[in-house]
Amino acid sequence: MLFRSTIPSNRYENIFNVYTVTKDNKNFYFYNINNKIQLPTVIGSNYLNTIVLDRTLPWTTLSYNLYGTINLWYLIYILNHTDTKPSFTANINDTLVYIKPEFINAIISSLNE
């Protein structure tokens, strides 16, 4: 029996279209990762909060601590990571901006439109 699970709306993977390529009579699925998410350059302070890290944390752990899910790591990352070099962690003593939890559903809905 084959079960098909749906990707929750807060998952990064849900933002990109899934494409299919067929090779040797097999379908392969992929995301176009060249697409990117752009948040507004100015976000009202009433939608944001800040945190100063007391230790280095992976973005996924920080997402879990703030939102109760590891799946929203990319929102925190996008708001705070300005370097072109990828970073897998947020560092001790960093002051990070994040979207207040009560506004997350509205943000996710707009990203999925």
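This is a predicted model: local features need pLDDT of at least 70, side-chain atom pairs count only at pLDDT 80 or more; totals for chains, interfaces and linings use all residues.
**Entry 1: the core**

I began with the largest nonpolar core, which has 19 residues. I listed those with the most contacts inside it: Trp-59, Leu-62, Tyr-67, Leu-72, Leu-75, Ile-76 and Ile-104. Next I looked up which elements supply this core. At least two residues each come from α1 (59–67), α2 (73–80), β6 (95–99) and α3 (104–111).

I then picked Leu-62 and looked up its partners. Leaving out residues up to four places away in sequence, Leu-62 touches Leu-53, Leu-57, Ile-76, Ala-90 and Leu-96.

**Entry 2: helix α1**

Which residues of α1 are buried? I found Trp-59, Leu-62, Ser-63, Leu-66 and Tyr-67. Their directions span an arc of only 105 degrees around the axis, so they sit on the same side of α1. The general rule for such a helix is 3.6 residues a turn, so residues three or four places apart point the same way.

I also checked what follows the helix. Gly-68 comes after α1, and its phi is positive, near 80 degrees.

I moved on to Thr-69, in the loop between α1 and α2. Is Thr-69 buried or exposed? Its relative accessibility is 16%, and the cut-off for buried is under 20%, so Thr-69 counts as buried. A polar atom of the Thr-69 side chain lies 3.1 Å from the backbone nitrogen of Asn-71.

**Entry 3: aromatic pairs**

I counted the aromatic pairs and got five. I took Tyr-47 and Phe-103 from the list. Their ring centres are 4.6 Å apart and their planes stand at 65 degrees, so I filed the pair as edge-to-face. The pair links distant parts of the chain, 56 residues apart. Tyr-47 is in the loop between β2 (26–31) and β3 (48–52), while Phe-103 is in the loop between β6 and α3. I checked accessibility for both. Tyr-47 is partly exposed at 38% relative accessible area. Phe-103 is partly exposed too, at 24%.

Trp-59 and Tyr-77 came next. This pair is also edge-to-face, with 5.2 Å centre to centre and 85 degrees between the planes. Trp-59 is in helix α1 and Tyr-77 in helix α2, 18 residues apart. Both residues are buried. I then looked up which cluster holds them. Trp-59, Trp-73, Tyr-74 and Tyr-77 form one aromatic cluster.

Where is Ile-92? I found it in the loop between β5 (89–90) and β6. Ile-92 is partly exposed, at 45% relative accessibility. Setting aside neighbours within four places in sequence, I noted contacts of Ile-92 with Leu-53, Asp-54, Arg-55 and Thr-56. I checked Asp-54 by distance. Ile-92 and Asp-54 are 5.4 Å apart, C-alpha to C-alpha, and 38 residues apart in sequence.

**Entry 4: the salt bridge**

How many salt bridges are there? I counted one. It joins Arg-55 and Asp-54, with the closest N and O atoms 2.8 Å apart. Arg-55 is partly exposed at 43%. Asp-54 has a relative accessible area of 58%; the cut-off for exposed is over 50%, so Asp-54 counts as exposed.

Note on methods: Residues are numbered from 1 along each chain as its sequence is written. Side-chain values use heavy atoms; hydrogens and water are left out. A nonpolar core is a set of buried Ala, Val, Leu, Ile, Met, Phe, Trp, Tyr and Cys residues joined through side-chain atoms within 4.5 Å. Buried means under 20% relative accessible area, exposed over 50%, partly exposed in between (1.4 Å probe, protein chains only). Helices (H or I, at least four residues) and strands (E, at least two) are DSSP runs, numbered from the N terminus. Contact means heavy atoms within 4.5 Å. The arc is that of the directions from the helix axis to the C-beta atoms. Rings of Phe, Tyr and Trp (its six-membered ring) pair if their centres lie within 6.5 Å; planes under 30 degrees apart count as stacked, over 60 as edge-to-face and the rest as tilted. A polar contact is a pair of N or O atoms within 3.5 Å; within protein, one must be able to donate a hydrogen and the other to accept it, and residues adjacent in sequence count only if both atoms are side-chain atoms. A salt bridge is a side-chain nitrogen of Lys or Arg within 4 Å of a carboxyl oxygen of Asp or Glu.
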